[in-house]
Amino acid sequence: MTTSTLDRAVSPTPGVGTKGNLLAGTGQLVRLALRRDRIVLPLWVLVIGVMAAAGAGAYETLYPTQAERAALTATMGSNPSLTLLYGPAFDLSTAGGFTAWRYGTLLPLFLALACIFTVTRHTRQEEDTGRQELLSSTVVGRYAPLTAAVITAGIGALATGLLMVVTLAGAGLPAAGSVAFGLGTALVGLVFVGVATIAVQLGEYSRTANGIASAVLGATFLFRAVGDSATDISWLSWLSPIGWGTQVRAYADERWWVLVLLAGAALLLGTIGYRLLPRRDVGLSLIPARPGPAEASPGLNSVLALSWRLHRGALIGWLIGFAVMGALYGSLTAGIGDLLGDSAQAEQMIQRMGGSESIERAFIAATAGITAMIASLYAVQATLRMRAEEVGIRVEPLLATRVSRLGWAASHLTFVLLGTALIQTTAGLFMGLLHGLRVNDVGEQLPSVLGASVAQLPAIWVVAGAAVVIFGFLPKAATTAWAVAALFLLISMFGPAVGASQAVLNVSPFQHVPKLPSADFTATPLVWLTVVALALLGAGLARFRTRDIG
Amino acid sequence: MDNAISISGLHKSFGRTKALDGLDLSVATGEVHGFLGPNGSGKSTTVRVLLGLLRADKGTVNLLGGDPWHDAASLHRRLAYVPGDVSLWPNLSGGEVIDLLGRLRGGLDTKRRQELIERFDLDPKKKGRTYSKGNRQKVAIVAALASNVELLIMDEPTAGLDPLMEATFQYAISEEREKGRTVLLSSHILAEVEALCDRVSIIRNGRTVETGTLADLRHLTRTTISAELAGHPNGLSRLEHVHDLKIEGNHVRFDVETSALDEALRQLSSIGVRSLTSQPPTLEELFLRHYTDTSDSKAASAS
Ligand SMILES: Nc1ncnc2c1ncn2[C@@H]1O[C@H](COP(=O)(O)OP(=O)(O)O)[C@@H](O)[C@H]1O
Ligand SMILES: [Mg+2]
């Protein structure tokens with residue numbers, strides 16, 4: 001008996017297939033991954049880890065009196081459009097309960113995204129680049145790369161949770177609630193590490209794997225949002241790991257057993273991912289790539305047609321995201337007065353960002369700006385696609401045909417410029433429609449909200465222009481375009497709140513857009529923004545026309 | 001006959017790396033021209049300058065009577081390019097890539113396309129990475145050969161092909177030659193060049209070191225002579241073009257350049273020849289000499 005069990009455990013070829021060897025090299029790979037992520041990983045751990053504590057500090061200033069705090073649960077906590085975004089409110093009368101509510105869905109969402117990207121980056125993306133094949137040919141066990149990626153993302157998730165516990169407790173919140181919140185968030189992260197281990201077996205490219213896992217994340221967020229705001233189908237929230245995170249009820253009589261649910265889900269998903277791994281080959285996927293047509297359709301006869309094939313997947317994804325975001329904001333607008341409760345400070349802040357006395361109009365103006373800033377990220381992503389094509393040596397064969405450099409760049413920039421217009425308009429359309437329906441005045445609200453969104457386009461195109469300039473002049477440092485977009489975003493999002501000087505605020509193109517519908521429409525700044533965008537595009541393209549390709 | 005390609009004194013540096021250092025190249029219309037050189041000698045850089053992808057630092061480049069930098073798009077209607085490293089779009093099938101590239105060049109011979117796909121045993125329905133390196137290469141080769149163009153520029157096109165496909169490729173190129181197309185074929189495989197090319201240019205460190213027909217080049221190679229003489233061999237070491245001379249008693253063995261063969265044999269027969277064997281010159285030896293000289297000269301400059 002004993003012998004036969006042992007025989008089965010040891011594989012026929014000595015040294016191959018034993019457990020130790022399947023994980024051989026994991027330690028080295030973890031070190032390599034941590035080294036590659038030595039800037040990115042600490043950055044997301046830090047930002048996600050301290051955000052809640054920073055928010056907790058503001059509670060005292062925003063709601064100084066006991067009366068104000070007591071009213072919060074009744075006003076904000078029962079507003080369905082707010083629970084849609086933030087989840088159910090259990091106790092808003094304490095700083096802890098308020099923090100857990102305010103950050104209990106968004107921080108786990110961000111952490112889950114970070115975990116997904118970390119896992120795919122160290123598994124699929126390595127296979128995409130062919131580096132994995134090189135590594136696999138050395139003494140690296142079959143499960144080592146996945147294990148290393150899981151450990152790396154796990155370290156990030158747990159470090160984030162720990163930092164949350166430390167900073168929240170440090171901010172004077174109860175220890176038990178802080179542990180529940182930190183641990184709950186970390187476990188949501190681990191659940192999506194599990195989701196990612198499956199996604200990387202299914203998707204053929206890191207892009208696909210990221211897409212699958214992000215779609216699962218989006219769906220679970222949506223389940224929770226709907227379940228939390230519509231009481232008769234509240235069971236939907238229990239289908240969502242993010243929902244479980246809020247159901248831990250940190251700072252409001254913690255329910256510790258929910259953490260076991262999260263840990264169990266993480267383990268289960270991870271096990272499935274590990275089981276799937278041996279069923280596929282390195283570089284290939286479980287979902288076999290469907291064969292394509294043997295001949296191209298007549299329409300595939302220009303670089304524009306090719307660019308459409310390359311951009312359409314991402315564009316459709318962004319379009320859906322912007323429709324949902326617009327709908328969410330739209331349904332939130334009418335209840336915005338409740339969101340701020342009786343806080344005079346918070347009201348002032350929104351009014352300063354949105355530039356209006358009317359809090360709803362100020363909110364519309366502010367959200368049009370926020371969607372525009374997010375749309376500018378799409379502009380950067382789509383512009384950098386050109387660089388990806390260049391680095392991937394897929395441009396040269398095209399430029400060796402009668403396609404000119406400008407023609408090729410124009411085919412991509414079409415999707416950058418029209419794509420941003422499309423998603424931004426869609427967000428405005430859905431926001432205006434839902435807000436209009438809610439206040440029974442679509443005829444008035446829709447054009448006004450849509451106008452506020454569309455007015456942002458020249459500012460978005462300035463960001464696109466900056467990305468093109470970087471692509472033209474500094475192709476090797478093309479990713480700095482992200483930093484530029486992030487800089488504009490931070491200036492416009494947090495600049496007014498921290499009292500930055502006008503000179504600093506003016507750096508961001510979004511600062512110059514008239515804050516419709518509260519402010520009056522003035523064409524001059526929009527004309528100037530358009531001129532700047534065109535000048536940047538022109539300069540970047542002129543340089544691209546004369547620089548070396550590669 | 002005019003030239004499809006003429007390059008003279010071409011310089012191109014990448015930062016401190018001198019990729020091309022006064023390269024000359026001329027390819028006559030209608031010929032298959034071999035472009036040989038060790039790895040990193042500047043073949044791909046030359047091709048990329050020819051395609052207007054890189055801007056030359058110095059020198060003149062003429063491609064099909066135009067300037068490849070300024071007239072890129074219009075010249076490209078008349079040529080097809082096969083890169084050494086082919087990367088395909090993940091969501092396009094091989095067949096779609098062939099058609100797209102053909103259409104972007106301005107037309108594709110659909111009959112020839114079908115014929116080539118069969119001959120190269122290519123599955124046009126697969127996508128992107130599901131192709132092996134060799135099959136990606138075939139996609140680019142079929143796309144180029146099925147296009148109606150005057151000039152084919154190929155940068156180590158057979159790097160990933162198996163011997164059978166290599167033979168198919170050689171046959172296809174010989175057909176192109178019959179049709180009167182001009183081919184610039186960069187390679188570092190001697191047998192391929194020997195089988196296909198009318199003329200050859202050899203480059204090293206960004207400079208052309210030899211150019212001519214294969215017969216011309218054979219002329220540059222050395223013959224190995226081994227002889228039993230009637231008396232003690234003397235006078236041979238004085239001859240300028242004799243190398244690696246070894247003397248054992250009356251037996252002598254040496255390499256001699258073709259230009260000095262006559263003189264060396266006269267010297268031998270003046271002593272009296274009992275027996276003589278000679279090994280014919282091979283191109284391989286010439287190439288190896290050019291290839292290894294690189295490391296020799298480096299070693300020499302280092303010491
Ligand atoms: N984009 C580039 N940046 C820097 N160096 C380069 C670049 N392209 C080529 N080189 C260098 O130029 C030299 C010639 O390269 P290449 O033309 O690719 O040689 P070959 O094709 O003959 O192997 C090499 O030393 C190579 O490292
Ligand atoms: Mg090369």
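The legends below describe close-up views of a predicted two-chain model, with chains A and B. Residues are numbered from 1 along each chain as its sequence is written, and chains are lettered from A in the order in which they are written. In this predicted model, local features need pLDDT of at least 70 and side-chain atom pairs count only at pLDDT 80 or more, while totals for chains, interfaces and linings use all residues; side-chain values use heavy atoms, without hydrogens and water.

**View 1. The largest cavity, with a volume of about 170 Å³.** A cavity is a set of points, on a 1 Å grid over the protein atoms alone, where a 1.4 Å probe fits but cannot get out, and its lining residues have an atom within 4 Å of a point. Grid points are joined across faces, edges and corners, and the volume is the space filled by probe spheres set on the points. The rule gives five cavities of 30 Å³ or more. In the largest cavity the lining has 19 residues, and those nearest the centre are Ala100(A), Gly104(A), Phe181(A), Gly245(A) and Thr246(A). Two or more lining residues come from each of α7 (95-103), α12 (175-202) and α14 (241-247) of chain A. Helices are DSSP runs (H or I, at least four residues), numbered from the N terminus. The largest share is that of α12(A), with four residues. By class, the lining of the largest cavity holds eleven nonpolar, six polar and two charged residues. Here Ala, Val, Leu, Ile, Met, Phe, Trp, Tyr, Cys and Pro count as nonpolar, Asp, Glu, Lys and Arg as charged, and the others, Gly among them, as polar.

**View 2. The second largest cavity, with a volume of about 100 Å³.** Its lining includes Leu29(A), Leu32(A), Ala33(A), Arg36(A), His122(A) and Glu126(A). Also in the lining are Gln132(A), Leu135(A), Pro145(A), Ala148(A) and Ala149(A). Helices α3 (26-36), α10 (131-136) and α11 (144-170) of chain A each supply at least two lining residues, and α3(A) gives the most, with four. The classes are seven nonpolar, two polar and two charged residues.

**View 3. The interface of chain A and chain B.** Contact (heavy atoms within 4.5 Å) joins 43 residues of chain A to 39 residues of chain B. The two chains bury about 3,500 Å² between them, 55% of it on carbon and sulfur atoms; buried area is the accessible area (1.4 Å probe) that two parts lose on being put together, summed over both. There are three salt bridges between the chains, a salt bridge being a side-chain nitrogen of Lys or Arg within 4 Å of a carboxyl oxygen of Asp or Glu. One salt bridge pairs Glu396(A) with Arg48(B), with the closest N and O atoms 2.2 Å apart. On the side of chain A that touches chain B, α9 (124-128), α16 (303-333), α20 (396-399) and α26 (523-546) each supply at least two residues. That side has 18 nonpolar, ten polar and 15 charged residues.

**View 4. Glu295(A) and its contacts in chain B.** Glu295(A) lies in the loop between α15 (257-276) and α16 of chain A. Leaving out residues up to four places away in sequence, Glu295(A) touches Glu96(B), Asp99(B) and Arg113(B).

**View 5. The salt bridge of Arg121(A) and Asp37(A).** The N to O distance is 2.8 Å. Arg121(A) is in helix α8 (residues 106-122) and Asp37(A) in the loop between α3 and α4 (40-62), 84 residues apart. Over all chains the count is 26 salt bridges.

**View 6. Backbone geometry at Pro517(A) and Tyr251(A).** Most residues other than glycine have a negative phi, and most peptide bonds are trans. The peptide bond from Leu516(A) to Pro517(A) is cis, with omega near 0°. Pro517(A) is in the loop between α25 (502-505) and α26 of chain A. Tyr251(A), not a glycine, has a positive phi of about 65° and sits in the loop between α14 and α15 of chain A.

Definitions and conventions. 1 Å grid on protein atoms, 1.4 Å probe; cavity = no way out; pocket = protein on both sides within 12 Å on 5 of 7 lines; lining within 4 Å.
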